[in-house]
Amino acid sequence: MMSSSFNIYRVGISFVMMCIFYKSAVDSLSELSPQKYFSTLQPGKASLAYFCQADSPRTSIFLEELNEAVKPLQDFGISVAKVNCVKEETSRYCGKEKDLMKVYLFRGNILLREFPTDTLFDVNAIIAHVLFALLFNEVKYITTLEDLQNIENSLKGKANIAFSYVRAIGTPEHRAVMEAAFVYGTTYQFVLTTEIALLESIGTEAIENAHFYFFHCKQVLDLTQQCRRTLMEQPLATLNIHRFIKTMEAPLLTEVAEDPQQVSTVHLQLGLPLVFIVSQQATHEADRRTAEWVAWRLLGKAGVLLLLRDSLEVDIPQHANVVFRRAEEGAPVEFLVLHDTELIISRVEGNTHIEEMQEDEDEDLQSPDMDIQDDEVAETVYRHRKTQLPLELTVELTEETFNATVVASDSIVLFYAGCTSTMLLTRVNCADWSDLCTKQNVTEFPVVKMYKEGKHPVSYAGMLGTEDLLKFILLNRISCPVNITSVQEAEEYLSGELYKDLIPYSSVSVLGLFSPNMTTAKEDFTKAGNYLRGCVITGIYSEEDVLILSNKYGATLPALLLARHKEGKVESIPFANFRVQDIVQIVTNALLETFPEITVENLPIYLRLQKPLLILFSDGSINPQYTKTILTLVKEKHLDSLTPCWLNLKNTPAGRGILQTYFNALPPLPLIVVVNLHSGGQVFAFPSEQAITEQNLLLWLKKLEAGLESPITILPAQEWKPPLPAYDFLSMMDAAASQHPTRKEPECTKETNMQKNDKKQHEDKSTIRKEPVETLRIKHWNRSNWFKEGDKSFRHDNKEL
């Protein structure tokens, strides 16, 4: 980089080519004889000799591209010329025919590089290859994530990095990067890759196009801390890179105390808007932290300034907290009231339209009958209450057609009630056919059941989404457990080959191993397999040669073999004297991820583990280094008392509201918090100034265990009740949960006594539990050793995440 021995600003370069003479295409090229060309060579400089045989006209297209490259290369101090060869010429460059298809790059009389002409297919490729060869110190080409990490670590506290991915060498994007490196290569370390896997590994979501990142490593003094990364969102072109780098060089945040209309920064010169965060003396520090966070989010998109209201002579509306100024000359400033930093981001990115300050709000946005925002389920139902679904695409069943239809073929039946209908294969409107629904033990809506000929119906208790329901349907295509008849078939089953089309829907396959005489154990496993039907693939092997498998996998009979297909490993669990519910719990535990991404759909499953949550909040894909850190701590048993997980704010926007509840304003990300939902409601935040490393995180967790950390907030006690009884979906979930033998039930149930048992369970439902199982809260959990006894007044049954 800055130690390069080649100073492009002081050294002239010439480009030497061998080709066939074609006069009309090279009018702008300097023409020299071989002797004249070599006599012009000077130390430290280079010359271009394009040696051409006068009697062999060829490569006219290539010569046209080379002719176009002359002027741009001259702008970089690289001259281009042509040398006319004669038959008597003895120079190696006027010699063999095969040499005439190569391009030569010289400095002085030293050959630096030769290229096959087919790699220089157009003017972009010519310029990109030449600059790439000359800037070998300024631009490092890498192929692995380890290469990138090594460069990043070596430059922390020293210099910043300009990292780019291009699809191939010689493309227009590659040329743009090289031209930027020519200008900025002595200031920043340029790093280039063409490996798409490397781009994926740093968390980029859209990988189909070229990318340009700026790594802020110079300000990083802690070698364990990762450099901040800013992505250039504009197409990868020379001018865009120049503008982007200029914004990276500008101050992150500037404090001003003058009229916003009179302020001028480099951002306005580059055509970018300005965002002023209005501050006052009493809240200056908090406003500055907010402004810095906004500045990082808008880096490369807008300039962010902290406007000191107390020092202004210009009047600013009392309630305005943001001033927005467009880059267009003469554009008036806008005074806004934005209570969410995301609205500021959206205002700049143009994703939403924010009205200027108004005294009157649109009352139509509020529901006159209920506060729907208190309940996300109710809010969804309310907003879609008038949506008409294409129910005509399904077969409607009635009391007269129901039995004949479900007996004659395999069927999926949706039982629903008018206002909350959803389209599936067949349907029964219980508002019209209440007697039929009562006979089928349908008392709450909507309910999905699978009917298969000669078998009891299976109720689906999962999320009513396409992916989850499809998984339920596909996994019900096979019997559970599957009867495996040979060792070879068992190996195919464990490897995933036997049911490879179902592996995307069941990442774990379970195989029970039994001696032929283990009747009771086999019966229990069979009951568990039937219970887990539609949720996971289960199989059973009980042949005379079962010891072959038990010896291979180190299993003591009876045993469970859990084949984890993503990890490509098989683990064995002995289960002598286990009951049916114990087997179900083992399997359902195995389905849980070690470090899952938390979503609205899967949060209740992990809350049922009854542990405090260790949540890593991220604004996008998680950094692989963070994942490695957490998994290492899990492997070393340091997180056994917690449920480690992460939340992507882009996939789950509700996370922004959660963080604002914890911190009052959205904090810089990534961020780790520990939330004790089950008792006390304490929320602890990992220090944002510390790098997320194994050592730092473990030390912090030990302080928590010792009671040396104070919570940033304590969640208040408040009930989250449905606005209307008909929207009490959580009590329906509670009823479903009470039917399962374990807390961590799968999302399907088998109806063994279809009428009596289900009816009895429904009648007893209200006596089992009157309060709802809440999606974002868990009640009655004994405090673990992680948290010291707190104020008794903060013991609550219900907590919000």
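This is a predicted model: local features need pLDDT of at least 70, side-chain atom pairs count only at pLDDT 80 or more; totals for chains, interfaces and linings use all residues.
**Entry 1**

I began with an open sheet of five strands, whose order is E22-E24-E23-E25-E26 and whose pairing is mixed. Strand E22 (482–484) and strand E26 (569–574) stand at the edges with a single partner strand each, so one side of each has no neighbour in the sheet. On average, and with direction ignored, neighbouring strands here are turned by 25 degrees against each other.

I then followed the pairing of E24. Strand E23 (residues 508–513) and strand E24 (residues 537–541) run in the parallel sense and share five bridges; Val 510 has Thr 538 as its bridge partner in E24, and Ser 509 has Ile 537. Two helices that pack on the sheet came next. Helix H15 (residues 487–495) touches E22, E23, E24 and strand E25 (559–564), and its direction makes about 150 degrees with that of E23. Helix H18 (residues 580–591) touches E23, E25 and E26, and its direction makes about 15 degrees with that of E25.

With E22, strand E24 pairs in the parallel sense over three bridges, and there the partner of Val 482 is Gly 539.

How many residues of E24 are buried? I found five of its five residues buried, with Ile 537, Gly 539 and Tyr 541 pointing one way and Thr 538 and Ile 540 the other way.

**Entry 2: helix H10**

I asked next how far helix H10 (residues 341–349) is enclosed, and found seven of its nine residues buried, so the rest of the structure largely encloses this helix. The buried residues are Thr 341, Glu 342, Ile 344, Ile 345, Ser 346, Arg 347 and Val 348, a list in which I note the side chains of Glu 342 and Arg 347. Their cover includes strand E13 (274–279), helix H9 (284–297), strand E15 (322–325), strand E16 (334–336) and helix H21 (654–663).

At its start, a side-chain oxygen of Asp 340 comes to within 2.9 Å of the backbone nitrogen of Glu 342, while just after the helix Gly 350 takes a positive phi of about 75 degrees.

**Entry 3: E17 and E19**

Strand E17 (residues 395–396) pairs with E19 in the parallel sense over two bridges, and Val 395 stands opposite Thr 426. In strand E19 (residues 426–429), Thr 426 and Val 428 point one way and Arg 427 and Asn 429 the other way, and all are buried.

**Entry 4: cysteines**

My search of the whole structure for disulfides returned two. In one of them, Cys 217 and Cys 227 have their sulfur atoms 2.2 Å apart, and with 120 degrees about the S-S bond this link is right-handed. Cys 217 and Cys 227 lie ten residues apart, both in the loop between strand E10 (211–216) and strand E11 (228–231), and both are buried.

The other disulfide joins Cys 430 to Cys 437, with 1.9 Å from S to S; the torsion about its S-S bond is about -90 degrees, so I recorded this disulfide as left-handed. Cys 430 is buried, with a relative accessible area of 6%, and Cys 437 is buried at 1%.

I also looked up Cys 480 and Cys 645: Cys 480 is buried with a relative accessible area of 4%, and Cys 645 counts as buried at 0%.

Key: Residues are numbered from 1 along each chain as its sequence is written. Side-chain values use heavy atoms; hydrogens and water are left out. Two strands pair if DSSP finds at least two bridges between them. Helices (H or I, at least four residues) and strands (E, at least two) are DSSP runs, numbered from the N terminus. Axes are lines fitted to C-alpha atoms, for helices over the stretch in contact, and angles run from 0 to 180 degrees between N-to-C directions. Contact means heavy atoms within 4.5 Å. Buried means under 20% relative accessible area, exposed over 50%, partly exposed in between (1.4 Å probe, protein chains only). A polar contact is a pair of N or O atoms within 3.5 Å; within protein, one must be able to donate a hydrogen and the other to accept it, and residues adjacent in sequence count only if both atoms are side-chain atoms. A disulfide is a pair of cysteine sulfur atoms within 2.5 Å.
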